[in-house]
Amino acid sequence: MIRKLGFTLIELLTVIAIIAILAAIAFPVYARAKDSAFRNSDMANMNAIRTSLQLYRVDQGGYPPALLGYATLYNAGGGLVTNNIVPASQLRSYLYPKRIDSIATLQPKYARFKETDLTTAVWPNQDPRAIGTAGIVDLNGDGKVDATDDLAGARQAYGPTQIVQGPTPSDPFTIGDAYYYPVSGYDVSQVRTPSGNRFELRYTLFWTNWGLGSGNAMDDPRQLGYDDPPESTVVTWNSYFRDYNSDGTVSHVRKDIVLFLGGSARTFDSADLNDRSWRVMP
């Protein structure tokens, strides 16, 4: 009698169930490991950006108006035609390629954009706390930080309803809606909102009402356009690691990465950063 060997249906189903369980365990572990590797790489790149900015300041006496630069056309007046756009890697810009030798340094790992992609951007959220209730630095010089240091002129001037203005690609001497290379994820960054995705500004020399105006002795000094900004000045931040709630709002988890002027890039509460932008403190 010849005995036929094989799996029974129960054995086959058992093997499949075991494989499914192992996959359910392994995939989240792999995802967390990948997320951690990407985060560490981005933090290293952000620290390299800070070093490059300091070198630029020593050479030029101040910080650049953008990290990579604004979008540029091969020929002026050609309109925003894809085949007329200078790829990001061919720019000779503020930091690249003299102080930063790879576009990848300026691109967060989770940012998936081509070198010829363009975008406008809006300003990020303004601190929702009432003016006069949330002083963060001593602006009036009385030696303490309290509500009297929270001045309207020292608050962020614009919010998400305002498109960032700057030189236009076809004419750098004309101010209009500024176009950025989204591959430079520390100049602008794509974020999710309950109403859809948008690109937000991340790096700027000035962001307050006074800073974008005529200036004021009582303005928030934590702006890169001022002489000798303090170490608590926010340079830029990385919001590609955020977690979101079911309603699309940002979760209170330390997933964002902030680069402060006086130290290494560090993780920060995503919801707080989403709400307060450059007003967050180390």
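This is a predicted model: local features need pLDDT of at least 70, side-chain atom pairs count only at pLDDT 80 or more; totals for chains, interfaces and linings use all residues.
A residue is called buried here when its relative accessible area is under 20%, exposed when that value is over 50%, and partly exposed in between.

The C-alpha trace of the chain spans about 100 × 50 × 35 Å along its principal axes. Two helices and seven strands are found in the chain, and, read from the N terminus on, these elements follow the order α-β-β-β-β-β-β-β-α.

Helix H1 covers residues 9-60, and Ile16 is one of the residues that lie in it. With a relative accessibility of 48%, Ile16 counts as partly exposed, because this value falls between the limits of 20% and 50%. Together with Leu9, Leu12 and Leu13, Ile16 forms a nonpolar patch on the surface, and the accessible area of these residues taken together is about 400 Å². Ala23 also lies in helix H1, and Ala23 counts as partly exposed because its relative accessibility is 23%. Between Ala23 and Gln90 there are 67 residues of separation in sequence, and the distance between their C-alpha atoms is 43 Å.

Side chains of opposite charge can pair when their charged atoms come close. A search of the whole structure finds 12 salt bridges. One of them is formed by the side chains of Arg99 and Asp59, with a distance of 2.7 Å from N to O. Since Asp59 belongs to helix H1 and Arg99 to the loop between H1 and strand S1 (165-168), this pair ties together parts that are 40 residues apart in sequence. The two partners can also be described by their accessibility: Arg99 is buried, because its relative accessible area is 17%, whereas Asp59, with a relative accessible area of 47%, is partly exposed.

A salt bridge is also formed by the side chains of Glu200 and Arg202, where the distance from N to O is 2.9 Å, and both Glu200 and Arg202 are buried. In the salt bridge between Lys255 and Asp243, the closest N and O atoms are 2.9 Å apart. Lys255 is located in strand S6 (residues 254-260), while Asp243 is located in the loop between strand S5 (234-238) and S6, so that parts 12 residues apart in sequence are tied together by the pair. Asp243 is partly exposed, as its relative accessible area is 31%.

The residues that line the largest cavity are Ile136, Val137, Leu139, Asp149, Asp150, Leu151, Ala154, Asp220 and Arg279. When this lining is sorted by class, five residues are nonpolar, four are charged and none is polar.

Key. Residues are numbered from 1 along each chain as its sequence is written. Side-chain values use heavy atoms; hydrogens and water are left out. On a 1 Å grid over the protein atoms alone, a cavity is a set of points where a 1.4 Å probe fits but cannot get out, and a pocket is an open set with protein on both sides within 12 Å along at least five of seven lines; lining residues have an atom within 4 Å of a point. Ala, Val, Leu, Ile, Met, Phe, Trp, Tyr, Cys and Pro count as nonpolar, Asp, Glu, Lys and Arg as charged, and the others, Gly among them, as polar. Patches are made of residues with over 30% relative accessible area and no salt bridge: like charges are joined within 9 Å, nonpolar side chains (Val, Leu, Ile, Met, Phe, Trp, Tyr) within 5 Å. Accessible areas come from the Shrake-Rupley method with a 1.4 Å probe; for residues, only the protein chains shown count as cover. A salt bridge is a side-chain nitrogen of Lys or Arg within 4 Å of a carboxyl oxygen of Asp or Glu. Helices (H or I, at least four residues) and strands (E, at least two) are DSSP runs, numbered from the N terminus. Buried means under 20% relative accessible area, exposed over 50%, partly exposed in between (1.4 Å probe, protein chains only).
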